[in-house]
Amino acid sequence: MPELLLDLVVLASDEFVPPDDWRAQIALPVGILFLLGGVFMLLRSNLGTRRAYLVQATSFFGFMLMISLFWAFGAPGTPPYSGPANLPGQPLDYYQPKWVEFAPDSLAAEMPAFDVAQDYPDGWSEEPPGDLTEDLIDDGIEDIRNFFASEEAGEQVGDLWVPNVDETPILFAESDDGRPMMAVEYVEADALGEVEDPDNTYLAFGFFDEGFPLFPSLVFIILSGGGFALHLALLGWDERQERRELEEDLGEEAAPEKVPAGV
């Protein structure tokens, strides 16, 4: 056991440990075992197994309900949406506001909601929608460029490519489901950001997804609230059952001993 704890200390001090490392995989189970297991054994020594479980479970789900409310709606000094950003198996930014990039010949461009991309530049305007701030537009330009510069998108552009605003302005539109869209033509540039090959351009699209950052916290609120209500009801039932058994035992002890008549 000391060697295991030493490995966990090393894990905590490392700058990065791969998630498939055996120490990373056992860190959470070991932490739960020591934290919840130690409290359970202490309660069990005083209350018994069943009552100890009900008390600990009620307290745990009650605490999770409170912390989930802080995660979802914030508090003084705590911003909202500060809890989990995704559910197990999902990307970290699954519910976060983000730009979603797609190419003119992609399947996304053929979807009915984004058919305005097929009509480019008809139906597009240089005036951005009112809910798109300058910071969001700048983020979109960078995110779209970074995506098409990645291996995932086939490295259609390079890291130094810049918007070709001198020849083709950035245009905006709105999808059929109300999402802001942006069309950016990128051109190859040098290290100073100057256009290097004006004929080497790439047109890319993106739409802004507002996401649903509240959803993971809502899931925790629902699960924690359900667990708290269930175990609170079971704890009350267990206490009433114990009280009835105690009253029955006291009633039997107080009842007078019956003897045959005439004795």
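On the surface, Glu134, Asp135, Asp138, Asp139 and Glu142 gather in a patch of negative charge, where a patch is made of residues with over 30% relative accessible area and no salt bridge, like charges being joined within 9 Å. A salt bridge here is a side-chain nitrogen of Lys or Arg within 4 Å of a carboxyl oxygen of Asp or Glu. Asp135 is found in helix H4, residues 134-148, and Asp135 is exposed, with a relative accessible area of 56% (exposed means over 50%, buried under 20%, with a 1.4 Å probe and protein chains only).

This is a predicted model, in which local features need pLDDT of at least 70 and side-chain atom pairs count only at pLDDT 80 or more, while totals for chains, interfaces and linings use all residues. Residues are numbered from 1 along each chain, and side-chain values use heavy atoms, leaving out hydrogens and water.

Turning to the rings, the count comes to 15 aromatic pairs, where rings of Phe, Tyr and Trp (its six-membered ring) pair if their centres lie within 6.5 Å, and planes under 30 degrees apart count as stacked, over 60 as edge-to-face and the rest as tilted. Two of the pairs share Phe207:

| Pair | Centre to centre | Angle between planes | Kind |
|---|---|---|---|
| Phe102 and Phe207 | 6.2 Å | 45 degrees | tilted |
| Phe114 and Phe207 | 4.6 Å | 20 degrees | stacked |

Phe102 lies in strand S1 and Phe207 in strand S5, so their pair ties together parts that are 105 residues apart in sequence. Phe102 is buried, with a relative accessible area of 3%, and Phe207 is buried as well, at 7%.

Notes: Patches are made of residues with over 30% relative accessible area and no salt bridge: like charges are joined within 9 Å, nonpolar side chains (Val, Leu, Ile, Met, Phe, Trp, Tyr) within 5 Å. Accessible areas come from the Shrake-Rupley method with a 1.4 Å probe; for residues, only the protein chains shown count as cover. Lys and Arg count as positive and Asp and Glu as negative; His and the chain ends are not counted. The place of a charge is taken as NZ of Lys, CZ of Arg, CG of Asp or CD of Glu. Helices (H or I, at least four residues) and strands (E, at least two) are DSSP runs, numbered from the N terminus.
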